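Dear colleague,

I am handing over the structure below, and after it you will find what I found when I went through it. Please read the notes with the structure open beside them.

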Amino acid sequence: MAGRDAEPGGQLWDQPGVPPSVLRSWDEAEARLFPLVMAQPELYQQALGAVQRLLDRLRETCQDLPALLAAHERGGDLLAGAEVPGVRPGLIAAAACATRYRELVAQLAAAGRLEALAGARAQGLSWTVAEENGRPERAPYLPYQRVEAEPGTGRAVIVSIGPDETLSRAVYRLDEGQIDLASGALRIGDPLGTYLDPDECTAALRRTQAEAGPA
């Protein structure tokens, strides 16, 4: 199935125990580094290298979100003599923390999917909710996504709700997906359809699940 791996990117989503102000500071740091690509490409490459080197260290020392938050408190001191002239150390540190944050969130999400599938197999369920982000009643003003999957195969349908082009009404979307039964990684496949009526979306979801059949 052609597709792409799902991973947190762009805006940093709120997670339990991570203050929104910290998430905003990490997001803003990446946004402030990006303009260097056009204005000073050599400086950007130096900054990118510093981010990568610090990220490698964070992968060794920050195995969970509390450890990453503790590292974040050190700010620019994390670079410890590896500063890039012309770029504030705090920006490099925050950008590295942002990337490590996304990696940790992806790991947590993958582990949660595997746990959900294992529990569903134990109950003999044919389909289960493997992951859910957001609340449907708050969509489309806040994003919503749900992954329903076959416990035995990892085949999935991704249900998402977002705004239409006028930002005035909700659009319901279904996409194919596949959860790797070894790693828990979610791969997004082909679109299955978009709907303005939630009942139509639900009916299409159930048809898709019924048509999936045995592995």
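The largest nonpolar core has 34 residues, and those touching the most other members are Trp26, Leu33, Leu58, Leu68, Val87 and Tyr101. By a nonpolar core I mean a set of buried Ala, Val, Leu, Ile, Met, Phe, Trp, Tyr and Cys residues joined through side-chain atoms within 4.5 Å, where buried is under 20% relative accessible area, exposed over 50% and partly exposed in between, taken with a 1.4 Å probe on protein chains only. Two or more residues of this core come from each of helix H1 (20-33), helix H3 (41-61), helix H4 (65-72) and helix H5 (89-123), and H5 gives the most, with 11 residues. Another core, of 13 residues, lies apart from it and includes Ala139, Ile161, Leu174 and Ala204.

Please keep in mind that this is a predicted model, in which local features need pLDDT of at least 70 and side-chain atom pairs count only at pLDDT 80 or more, while totals for chains, interfaces and linings use all residues. Residues are numbered from 1 along each chain as its sequence is written, and side-chain values use heavy atoms, with hydrogens and water left out.

As for the overall layout, the protein chain has six helices and six strands, which are DSSP runs numbered from the N terminus (helices H or I, at least four residues; strands E, at least two). Their order from the N terminus on is β-α-α-α-α-α-β-β-β-β-β-α. Of the 215 residues of the protein chain, 39% count as buried.

H1 and H4 pack at an angle of about 65°, their axes being 12 Å apart, with axes fitted as lines to C-alpha atoms (for helices over the stretch in contact) and angles running from 0 to 180 degrees between N-to-C directions. H1 is therefore roughly perpendicular to H4, given that 65 to 115 degrees counts as roughly perpendicular, under 35 as roughly parallel, over 145 as roughly antiparallel and the rest as oblique. In this pair, Val22, Ser25 and Trp26 in H1 meet Leu68, Leu69 and His72 in H4, contact meaning heavy atoms within 4.5 Å.

H4 and H5, in turn, pack at an angle of about 170° with their axes 10 Å apart, so H4 is roughly antiparallel to H5. Here Leu65, Leu68 and His72 in H4 meet Cys97, Arg100, Tyr101, Leu104 and Leu108 in H5.

With best regards
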